[in-house]
Amino acid sequence: MSNEVLGIFALGVLFAVIFIGFPISFTLAAVSLGTGFIVLGPVVFDLAVLQTYSVMRDTVLASIPFFLLMGFLLEQSGLMERLFRGIQQLLAGVRGSLYIAVLVTATIFAAATGIVGSAVTLLGVMAGPSMIKSGYDAKLSAGAIAAGGTLGILIPPSVMLIVMGPVVGVPATDLFAAAVLPGLLLSTLFVVWCLLRCWINPALGPALPPQERPASLGPVIKDLAIGVLPVVVVIMSTLGVILFGIATPTDAGAVGSFATFVLTVGSGRMSWRQIRKAALQTLEVSSMILLLAAASNLFGAVFSRLGSPEYMADWLIGLSLPPMLMLALILALIFVLGWPLEWVPIVLIVVPVVLPIVQAANIDILWFCTLVAVTLQTAWLSPPVALSAYFLKGVVPQWELKQIYSGMVQFMVLQVLAVVILMIFPKLATWLPAVNN
């Protein structure tokens, strides 16, 4: 067996073991060291040390704990609840108003933090009981909450985009700029779909009863102002300074986490127990992500030294497929892998494998990364993993898992539509980075 074929065999073994349920980071390390020892001998252990140091010294990845801390602090403080309540009351007389409130709140929360699990949990706690009480359709409600929560994986500052940057060799700032318009496109598609369905069938999202509507706009505006102001401060202190070139993602993350800490503590709704919980959650999740990044970096180094990426790229290029068809096949592969896998192994394992193929086909890397990011949202909405479903089921037990899955499938179709639109109009991803530069 040649070294190239051995690398492809190792990749197959890796996916098979991950599908069985073994921890991804330890599986990556074991397969990398085992395959590398066969070909490189004891040198593979020196390579493991060098690759780990390389990842841990990456200043871009150092921003991950900052953005995670921002999200967990906002989740613990409850500041987003007033924003949701204000939007709900402002649109009380509109059919499907709660869907709009969920999706607008989700979009703003995504722009402030980029953490999917926190967003789905928070939205479920805030909106689930209100939707049930108002007689909203369980399937569409669950789908809106789950899909809205996944916007954090795409809309900057996205942890996934921060991790993807070093993998593809593109600055995270460019990836952030490329993802803004596609993220807003997805959010708009979600809102339009909910309103369209409520217009066709008002029973899916009836307007709030008159007795539950606000008597005056004063309290509503107050709730909106109190809810929006902290989020605007957080967004401007992070995403604003990044897109305007004032600071790097790491520096902006530090500023944003400090601003979030001051706002949440100043709101009077944070106890030391909640702050401690947010810090421990940040430590746990960031450690997991960085361990995965180090293990995947080692696998990528071994895989590259075996010559497998070039072997696969040469084989696919030899098929003489048009670049758009090649791109469609790669995205279809990622879409299918998103059903059993989360975004982490796909970004850290699959993307480096297909990157030489993308480069050889002269496909714009920023456009490709944005298409991958939109496609990877399916990892949170597709069974059997579908982590959003389990987060939502945990906080809204009244909804059956079958209802949640059924609702999420509707929004998966919208995600596929967004991918098609991005393939037809690449400028949606490439225009803002060009302006920003």
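User: Helix 9 passes helix 17. Is the crossing right-handed or left-handed?

Analyst: Helix 9 passes helix 17 in a right-handed crossing. Keep in mind that this is a predicted model.

User: At what angle do helix 9 and helix 17 pack, and how far apart are their axes?

Analyst: They pack at about 140 degrees, with their axes 12 Å apart. That angle makes helix 9 oblique to helix 17. The cut-off matters here: roughly antiparallel would need an angle over 145 degrees.

User: Helix 9 also meets helix 16. At what angle do their axes cross?

Analyst: Find helix 9 at residues 159–168 and helix 16 at residues 343–360. Their axes come within 10 Å and cross at roughly 25 degrees. Angles under 35 degrees count as roughly parallel. Helix 9 and helix 16 are therefore roughly parallel to each other.

User: Which hand does the crossing of helix 9 and helix 16 have?

Analyst: The crossing of helix 9 and helix 16 is right-handed.

User: Let me try helix 10 and helix 20. How do I describe their crossing?

Analyst: Start with the angle. The axes of helix 10 (residues 172–200) and helix 20 (residues 401–424) cross at roughly 135 degrees and come within 10 Å. So helix 10 and helix 20 are oblique to each other.

User: Now loops. Where is N362?

Analyst: N362 sits in the loop between helix 16 and helix 17, the latter spanning 365–376.

User: Is N362 buried or exposed?

Analyst: Check the relative accessibility. Exposed means over 50%. N362 has 72%, so N362 counts as exposed.

User: What should I look for in the backbone of N362?

Analyst: Look at phi. Most residues other than glycine have a negative phi. N362 is not a glycine, yet its phi is positive, near 60 degrees.

User: Which residues make the nonpolar surface patch?

Analyst: V228, V232, M236, F244 and I246 make the patch, which covers about 510 Å². Take I246 as one of its members. I246 is in the loop between helix 11 (217–243) and helix 12 (249–266). With 64% relative accessibility, I246 counts as exposed.

User: Where is G307, and is G307 buried or exposed?

Analyst: G307 lies in the loop between helix 13 (272–305) and helix 14 (308–317). Buried means under 20% relative accessible area. G307 has 16%, so G307 is buried.

User: What are the two separations for Q51 and L298?

Analyst: Along the chain, Q51 and L298 are 247 residues apart. Between their C-alpha atoms there are 5.8 Å. Q51 belongs to helix 3, residues 43–56. Q51 is buried, because its relative accessible area is 16%.

User: Next is S287. Where is S287, and how accessible is it?

Analyst: S287 is in helix 13. With a relative accessible area of 38%, S287 is partly exposed. Now the pairing: S287 and P65 are 222 residues apart along the chain, with C-alpha atoms separated by 8.6 Å.

User: One more. What can I say about Q76 and L122?

Analyst: Q76 and L122 are 46 residues apart in sequence. In space the gap is 9.3 Å, C-alpha to C-alpha. At 14% relative accessibility, Q76 counts as buried.

Methods. Residues are numbered from 1 along each chain as its sequence is written. This is a predicted model: local features need pLDDT of at least 70, side-chain atom pairs count only at pLDDT 80 or more; totals for chains, interfaces and linings use all residues. Side-chain values use heavy atoms; hydrogens and water are left out. Patches are made of residues with over 30% relative accessible area and no salt bridge: like charges are joined within 9 Å, nonpolar side chains (Val, Leu, Ile, Met, Phe, Trp, Tyr) within 5 Å. Accessible areas come from the Shrake-Rupley method with a 1.4 Å probe; for residues, only the protein chains shown count as cover. A salt bridge is a side-chain nitrogen of Lys or Arg within 4 Å of a carboxyl oxygen of Asp or Glu. Helices (H or I, at least four residues) and strands (E, at least two) are DSSP runs, numbered from the N terminus. Buried means under 20% relative accessible area, exposed over 50%, partly exposed in between (1.4 Å probe, protein chains only). Axes are lines fitted to C-alpha atoms, for helices over the stretch in contact, and angles run from 0 to 180 degrees between N-to-C directions. Angles under 35 degrees count as roughly parallel, over 145 as roughly antiparallel, 65 to 115 as roughly perpendicular and the rest as oblique. A crossing is left-handed if the near helix is turned anticlockwise from the far one by less than a right angle, and right-handed if clockwise.
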